[in-house]
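Trainee: I would like to go through this model with you. Please show it first.

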Amino acid sequence: MNQKCESRKIIHLDMDAFFASVEQKLNPHLKGKPVIVCGDPEGRTVVSTCSYEARKYGVKSGMPLGKARKRCPQAILVGGDIEKYLHTLLEIMNILRDYSDLVEVFSIDEVFLDVTETEHLFSSAEKIAKEIKSRIKKELNLTCSIGIGPNKLLAKLASGMNKPDGLTVISSSQVGEILESLPLSELCGIGQNLEAAFNKMGVRTCGELARIPVWKLKKSLGLYGVQLHQMCRGMDESPVEPHWLEREVKSVGHSYTLPCDISYKTEIERVILGLAEKVGRRLRKLGYGGRTVSLVIRESDFTTCSRNKTIDTYINSGYEIFKVCQSILKRIPLQTKKIRLLGVRVSSLRKSGLQPSLVKDKKLEKIDRVSDRINDKFGEFTLLRASLLEDSLKPIGHLKRFSAILPRKNPNI
Ligand code: TTP
Ligand code: MG
């Protein structure tokens, strides 16, 4: 192996059942249960990911939801929310940057870290990995699997070897032995089609592929053939390329496609209140307040109307956001009066720390503070406004199906 590769220390971190674990953390009543995260729990969609409890029943990422539900009927379905997961990724990045500036986001839940120059500060790369794992557990209440290797290819291979909650080191001396019997598909960059083509030729492992002369691979696959030849020998000189994921937060919003059209003002306002509470909670978590509130309404004939209102003060309380939405709602002429989607967004943001208090109403501020603390501990919508309680929906039975955004009864409380 090339000297330059051999002397590097690369860490690859892959979060365990990422979307599902974030949902379990935010809603502790989902802990220990089979959870499936998907696009739209009410619609035709595929599994984005699932908790390890659901994997026991054969549920997998990419599987059609119908098939997954047959395999595991007791699974709890949750609609995914990419902004939540991106926010968690930013929190992970903040931890990783304490150990090196060379941090590369590889996917929504995978990060590379080059600690070649910094490992001596913490005694070893393994010590760094252990510390990162324990901080992610303690500070974010999530688990991850980490691999350490002399390059990105081998670090990524290592992180997948002991999932979940694993830590695996591949040293240069082990590379030949590990790759000899490794099926081709397990090496990052070798897809199913290429694997099938090699399998047809009787080549199943990296060791076997490594023995094919490089000129032959180059002749049939061009430069990729040369790259494959190197990969199968565990060679990879690609650098960890830091790019800063400091996405400037411009707005925070949530929208919701209703399971069936609604038309009553009380119903519409109730969903808007639920959405406004979600937006307020996210703003407070991110430490922002905003001055512009937008309301989006899509009717059953897909006519879509969006209206904004900018106010004098920066707000981040769900109830205040709702009040602004109520005044916007009065200005929206509805064509069919049958609503299929509602959305609430707050923009013109500023950091809430810049002002002593963003909330005009001190009582509201106190309520938000207390409910945030309770909901952080026991799950979203554990403590909520009475008008969002399921019991208040009895007169309008079908609204019970709003459970995707509204409260789920928490059996632990
Ligand atoms: P993965 O790291 O592939 O899966 P995972 O983190 O859920 O589970 P593991 O413990 O095996 O690492 O993907 C990361 C996230 O990307 C995953 O939580 C959901 C999302 N994702 C999709 O939305 N669709 C997909 O097909 C896959 C594979 C992942
Ligand atoms: Mg993962």
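**Cores and metal site**

Mentor: The largest nonpolar core has 36 residues, and Leu13, Ile132 and Ile136 have the most contacts inside it. Such a core joins buried Ala, Val, Leu, Ile, Met, Phe, Trp, Tyr and Cys residues through side-chain atoms within 4.5 Å; buried means under 20% relative accessible area (1.4 Å probe, protein chains only). This is a predicted model: local features need pLDDT of at least 70, side-chain atom pairs pLDDT 80 or more, while totals for chains, interfaces and linings use all residues. Side-chain values use heavy atoms, without hydrogens and water.

Trainee: Which element gives the largest share of this core?

Mentor: Elements giving two or more residues include E1, E5, E6 and helix H6 (125–140). Helices (H or I, at least four residues) and strands (E, at least two) are DSSP runs, numbered from the N terminus. The largest share, seven residues, comes from H5.

Trainee: What arrangement do the six donor atoms around the magnesium ion (ligand 2) have?

Mentor: Donors are N, O and S atoms within 2.8 Å of the metal (3.2 Å for Na, K and Ca); water is not among the atoms, so sites may look incomplete. Asp14 (OD), Met15 (O) and Asp109 (OD) coordinate the ion at 2.0 to 2.2 Å. Six donors count as octahedral if opposite ones are over 155 degrees apart and all others between 65 and 115. The angles here are 83 to 176°, so the arrangement is octahedral.

Trainee: Is Asp109 buried or exposed?

Mentor: Asp109 lies in the loop between strand E5 (103–107) and strand E6 (110–114), 94 residues from Met15. Its relative accessible area is 13%, so Asp109 is buried.

Definitions and conventions
Residues numbered from 1 in each chain as written. Chains lettered and ligands numbered in written order. Tetrahedral: all angles 85-135°; square planar, octahedral: opposite > 155°, others 65-115°. Buried < 20%, exposed > 50% of the residue type's maximum accessible area, 1.4 Å probe, protein only.
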